[in-house]
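Let's take a friendly walk through this structure, looking at its cores, a helix and the contact between its chains.

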Amino acid sequence: MSTNKVQIALVLPDLLGTYGDFGNAVVLEKRMTWRGIPAEIVNIRFGEPVPNSCDIYVVGGGEDTAQTLAVRHLRDHPGMQHAAARGAVILGVCAGIQIFGESFTRADQVTHPGLGLIDSTSHAGGSRAIGEVIATAAGGLFEGLLTGFENHQGRTVLGPSARPLAHVKVGTGNDGSVEGAVQGRILCTYLHGPVLPRNPQIADLLIEWATGTKPAPLDLPAVTRLRTERAKSAGVPL
Amino acid sequence: MPNTPGADPARLPLRTAAAVRLGNMSSKLSQKMGLGAGGMIGGRVALRLDPQALAHLTSGRQVALVTGTNGKTTSTMMLSRAMSFLGEVATNHGGANMPDGHVTALSKQPDAPYAVLEVDEGYFPEVVRAASPAVAVLLNLSRDQLDRVGEVRTIEKSLRTALTSVTGVVVANCDDIMVTSAARDSAKVVWVATGTGWHNDAASCPRCGDPIRWEGEHWHCTGCDLARPRPDWVTGDGYLVAPNSQKVELSLRLPGKFNQANAVMATAAAAALGVPIEEAVQRLRAVSNVAGRYRTIQRSGHRARLLLSKNPAGWSETLTVVREADHPAVLVINAQEADGRDLSWLWDVPFERLRGRQVIASGERATDLAVRLTYAEVEHTIVPDPLLAIDAMPPGPVEVIANYTAFRDLNARAAQ
């Protein structure tokens, strides 16, 4: 850690913050500070350099234009990629999963190079995937169900170096079968909601990766109640 | 008085006249059978029978259209009041803001020479084509119902294209980057500095994508020539400054800075149609309750003020209004189709401002809100039924903030 606080970089919230993904950074910060682990959110705005010294990087969803601008900015200021090379933790949501890959192809068939952080390619699907998602952990990576809300046109194909985060039970995810990607300490998902408030076990997994210690249990009744409600509404008992 | 054009029903094409008659009958039937307020069904029937009904019903009238993400219903009511100085005004009170709602409203007042129509952003191009407005009012553009309406930049581009065909006056908020981009290419624009705008969706230029830079109230794109235009009208704290430098006190009964912005937009639009400024302001001052919004209900020893907020920009403004006193707050959240099914936007609302206040999370999605409040470190309890939530508060004033269907249902139940 570069300072005595765990630094959570909220990357380009003004471009990639369309779907409340700021909430992911808040959840990480609160779940650490409530357990006595000092943490802070560092906003990295469009037009500003990206530091390579943060411990966790959170990248959210955005519109097509914003996504292209974000890639350009992150390529010009490669602090996050440098941090990834030394093992920093990165969460990529929606646009995040697309721009972290080798390439992404839009509905207009133009292919854009990605940041090459994970072994994947993305392309535009026929229809927009919108709605609640329920998925189960792939490879025992986390406990319980993964729940969230998806709203994307992209479909993602993983290469051999990346593995899926979960198997889809309800919804679309990457391709109707698997959801998200994990490669090293980079975790990607199509799910909003935002994803971490709905899935505290994923938040704690990222905290464990960042601090090297499994965090103490933290029981939030509202979160448990929400997970039960969302799973029930999707027709899957939690 | 200007010459008053009319939409004499006798002069409507036969097909439209028949469609309007059948539509009006359907509205009345719908009301009688208790199926609804009749705000849309009549228009839906009429449009099915005559797809050109909107064009025919607006033909010969002076039409003002009001669109934007927030404040449409309030601004439409204000503008219709202000325009009543000129003559009878047909308007779609109550938020039925798609073409079927417009046809219903116009059919009910076939002789009104003026019309003020609130228009859903997504339908704006279609309505512009049909109605050839004398004035188009563009309030603000920010994220709202992303799963239904779509993304802000897409809306901005479609409004921009539609506005270039408007030969009348475009009244636009120059403190909103998206609105400025949408309105700038129009033939005649009146710019209003409202002092309000949600900047989180506009870090990058809607024209070229480069970063936008703010210096005080001014903003400009660092890559192209898009910049804040010089305002013709300015909104001050409780007053407006007109293009002739005349300062007029607003003295509104509606609370909040955003209602002052709505009032100045409405006044500028009314002035473009020939209403004297003082006459316009005097008429919109009287507005105290817009389709139930801002009204206070008495219930079980409580005086509950009902406030509607639908999206992050709206909630942010409303949280500023309730900050004026430390009253307990009931927050009501639904996620039906008309609200948008995705509640991610709750995380864009600065609920942290409610810390230390007595708060109840309510509505069909009270639990989603409870999680948000937990992480905002706002102490709260959960009572899903909003009326019971009001009852659970200590006697006295209560602020009730609800999103669209939650507000609609609460308002209907409170009226019983």
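The notes below go from the nonpolar cores to a helix and then to the chain contact. Please keep in mind that this is a predicted model.

## The nonpolar cores

The largest nonpolar core holds 139 residues, and Met80(A), Phe100(A) and Phe351(B) are those that touch the most other members. Helix H9 of chain B, residues 257-272, gives the largest share of this core, with eight residues. Domain 1 (9-285) and domain 2 (296-411) of chain B both supply residues to this core, so it lies between them.

What does Phe100(A) contact, apart from its neighbours within four places in sequence? Its partners include Met80(A), Val59(A), Ile90(A), Leu91(A), Leu115(A), Ile186(A) and Cys188(A). There is also a second, separate core of 39 residues; among its members are Ala19(B), Ala53(B), Ala131(B) and Cys174(B).

## One face of helix H10

In chain B, helix H10 spans residues 277-285, and its residues Ile277(B), Ala280(B), Val281(B) and Leu284(B) are buried. Viewed down the axis of H10(B), the buried residues fall within an arc of 95 degrees, so they line one face of the helix. An α-helix has 3.6 residues a turn, so residues three or four places apart point the same way.

The cover over the buried residues of H10(B) includes helices H4 (72-83) and H9 of chain B, along with strands S9 (233-235), S10 (239-241) and S11 (247-249).

## Where the chains meet

Chain A brings 38 residues to the contact and chain B brings 30 residues. About 2,900 Å² is buried between the two chains, with carbon and sulfur atoms giving 57% of that area.

How many salt bridges are there between chain A and chain B? The count is two. Lys30(A) forms a salt bridge with Glu377(B), where the closest N and O atoms are 3.2 Å apart.

Note on methods:
Residues are numbered from 1 along each chain as its sequence is written. Chains are lettered from A and ligands numbered from 1 in the order in which they are written. This is a predicted model: local features need pLDDT of at least 70, side-chain atom pairs count only at pLDDT 80 or more; totals for chains, interfaces and linings use all residues. Side-chain values use heavy atoms; hydrogens and water are left out. A nonpolar core is a set of buried Ala, Val, Leu, Ile, Met, Phe, Trp, Tyr and Cys residues joined through side-chain atoms within 4.5 Å. Buried means under 20% relative accessible area, exposed over 50%, partly exposed in between (1.4 Å probe, protein chains only). Helices (H or I, at least four residues) and strands (E, at least two) are DSSP runs, numbered from the N terminus. Domain bounds come from an automatic or database domain assignment. Contact means heavy atoms within 4.5 Å. The arc is that of the directions from the helix axis to the C-beta atoms. Buried area is the accessible area (1.4 Å probe) that two parts lose on being put together, summed over both. A salt bridge is a side-chain nitrogen of Lys or Arg within 4 Å of a carboxyl oxygen of Asp or Glu.
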